[in-house]
Amino acid sequence: MKERILLLRYNLAFIYKKCWLYRLKYEKNKWVFSRVACLGKDVIKILKIDFPIFNLQKGRSDYIVDSLDHKNATPKVNSVSKYMLRKDIIPMLFQQKLIRKVFTLNKPEFIFIDSYSELTDQQFIHKIYKWMFNINYTDINIKHPQIWSQFKCNGLLPDREIEENYKKFFNKLREHFGNVPIIFIHYPSKLDQREKFIKRSEVIKKSISKLKPSFEPFYDIYADNAVVDFCEDDKFPYHYSDKTYKNIASKIMALDIFKDSGNGNV
């Protein structure tokens, strides 16, 4: 019963968000598009942005492109919710259903992207109907007796495909939103001991460095290595200290395009 009530709440929140996007489209209000996880969200909080923000937390670059090109790619959330170990991830699956609607809006003031989705999110695809969703592998109950009869896990975006998929994603952003400033925030890998993710972080850095001249205005933001440290509350390698977030936020606030936006101070 608890799960049904929770799912009903998430469905109602999804309907509300669709109405919010409808109003945003026709009232032509200023807004911000973000594709960020915890790092990006915490940095944006520090920036005190005054505009409404639509965040697509687990919209991996290849998934966004596929969803825009193929209407039936977006997930049937009510069908997959029973397999989720982390119920707080379900609203992020609903976000993935709204991609096509978001890309019909007037251009945002800024676009924020961080690297977490390409770094860690895995793709799951329905074996028959081919709709898909992105989550971390630990978000889902891999021991559920029915899940592997319905879904296939395609895993992480392959290293060799990261650059090309970023290029396609950025092309979609420019095609739909024009020359809006893109602020790309890199997740520091300093605290991670796993070679696979350290390597992926470097692939992402090299890809962004190569692509950014073609998508100006494009701002490539790193934390200073000296300030990167663990969050006081846990030792997860991608949760950081307040100094890390403030360091990144201060670099964004120093950008000319952000100085004149009338937002809060770091």
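Buried denotes under 20% relative accessible area, exposed over 50%, and partly exposed in between, with a 1.4 Å probe and protein chains only. Leaving out residues up to four places away in sequence, L173 touches F33, F103, I111, I113, G178 and I182, where contact means heavy atoms within 4.5 Å.

T74 lies in the loop between α3 (61–69) and α4 (77–80); helices are DSSP runs (H or I, at least four residues) numbered from the N terminus. T74 has a relative accessible area of 10% and is therefore buried. Beyond its neighbours within four places in sequence, T74 contacts Y63, S67, Q96, K97, W131 and M132.

The protein averages 92, and 97% of the residues score at least 70. Over residues 262–266 pLDDT stays under 50, and the model has 17 contacts beyond four places in sequence for these residues. Where pLDDT is low, the predicted coordinates should not be read in detail.

Residues are numbered from 1 along each chain as its sequence is written, and side-chain values use heavy atoms, without hydrogens or water. Local features need pLDDT of at least 70 and side-chain atom pairs count only at pLDDT 80 or more, whereas totals for chains, interfaces and linings use all residues.

Technical notes:
Helices (H or I, at least four residues) and strands (E, at least two) are DSSP runs, numbered from the N terminus. pLDDT is the predictor's confidence in each residue, from 0 to 100.
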